[in-house]
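I opened this notebook to record what I looked up in one model, going from the overall fold to the sheets, the ring pairs, the backbone and the pocket.

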Amino acid sequence: MITVQDMFDYALEMDLSHLAHSIHWALLKDHVTFDDDSKKLQTIEFDEVEIKRMMENNDLNIGKVKLFVMDEPDHWYAFYLAEHSLDAYRLHEKLFRGPQRNITRADRLMIHYMTFAETGAEECLYEHKKEIIAYPAYVGHAKAGERVLYRVEVGA
């Protein structure tokens with residue numbers, strides 16, 4: 001059985017704001033408990049207006065850290081986890097002292113499994129994000145169309 005707690009934890013880990021806030025609302029209204037079967041969530045009539053308000057206030061602090069990708073020469077891209085694009089840009093400038101580049105929010109890439117060249121480990125960036133203590137954080141560089149992340153030496 002998959003419990004409400006399991007679903008809630010999954011929603012938080014994967015930055016699924018609507019699902020997490022919906023479960024949170026159901027818990028607050030005593031429609032479910034953490035130990036209930038998650039199928040019970042399908043029987044609830046959710047207050048979407050209230051859930052939307054909760055999401056706008058970000059009551060659960062979901063999705064603050066985002067993935068940013070910065071263009072590099074020769075079809076390479078630098079990956080950063082940060083709250084704001086400016087934070088990622090400043091870190092890139094500090095680490096690599098390179099010229100200004102385009103930076104793009106790329107949360108859609110968080111679900112893809114990437115291979116970390118240094119270790120050979122393969123994990124999605126949501127999982128990798130859990131290992132990082134402070135943000136912004138440099139994740140690595142990848143060639144366009146490839147899913148292998150290389151750590152480039154600072155100042156290289």
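The entries below follow that order.

**Ground rules.** I am working with a predicted model, in which local features need pLDDT of at least 70 and side-chain atom pairs count only at pLDDT 80 or more, while totals for chains, interfaces and linings use all residues. Residues are numbered from 1 along each chain as its sequence is written, and side-chain values use heavy atoms, with hydrogens and water left out.

**Overall fold.** I looked up the elements and found five helices and seven strands, where helices (H or I, at least four residues) and strands (E, at least two) are DSSP runs numbered from the N terminus. Read from the N terminus on, their order is α-α-α-β-β-α-β-β-β-α-β-β. Along the principal axes, the C-alpha atoms fill a box of roughly 55 × 30 × 25 Å.

**Four-stranded sheet.** I noted an open sheet of four strands in the order E3-E1-E2-E6 with antiparallel pairing, two strands being paired if DSSP finds at least two bridges between them. Its edge strands are E3 and E6, each of which pairs on one side only. Neighbouring strands here are turned by 25° against each other on average, direction ignored; the axes are lines fitted to C-alpha atoms, for helices over the stretch in contact, and angles run from 0 to 180 degrees between N-to-C directions. Helix H4 (residues 85-96) packs on this sheet and touches E1, E2, E3 and E6, its direction making about 125° with that of E2, with contact meaning heavy atoms within 4.5 Å. Between E2 and E6, which run antiparallel, I found six bridges, and tyrosine 80 has tyrosine 138 in E6 as its bridge partner.

**Three-stranded sheet.** The other entry on sheets is an open one of three strands, ordered E5-E4-E7, with mixed pairing. Strand E5 (122-124) and strand E7 (148-149) are its edge strands, each pairing on one side only. Strand E4 (residues 113-116) pairs with E5 in the antiparallel sense over three bridges, and glutamate 122 in E5 is the bridge partner of threonine 115.

**Aromatic pairs.** How many aromatic pairs does the structure hold? I recorded five, taking rings of Phe, Tyr and Trp (its six-membered ring) as paired if their centres lie within 6.5 Å, with planes under 30 degrees apart counted as stacked, over 60 as edge-to-face and the rest as tilted. The rings of tryptophan 76 and tyrosine 150 have centres 5.8 Å apart and planes at 70°, so this pair is edge-to-face. It links distant parts of the chain, with tryptophan 76 in strand E2 and tyrosine 150 in the segment after E7, 74 residues apart.

**Backbone.** Most residues other than glycine have a negative phi, and most peptide bonds are trans. Proline 136 sits in the loop between helix H5 (125-130) and E6. Aspartate 30 has a positive phi, near 60°, and lies in the loop between helix H2 (17-28) and helix H3 (48-57).

**Largest pocket.** A pocket is, on a 1 Å grid over the protein atoms alone, an open set of points where a 1.4 Å probe fits, with protein on both sides within 12 Å along at least five of seven lines, and lining residues have an atom within 4 Å of a point. The lining of the largest pocket has 17 residues, of which Val69, Phe79, Arg108, Leu109 and Gly145 lie nearest its centre.
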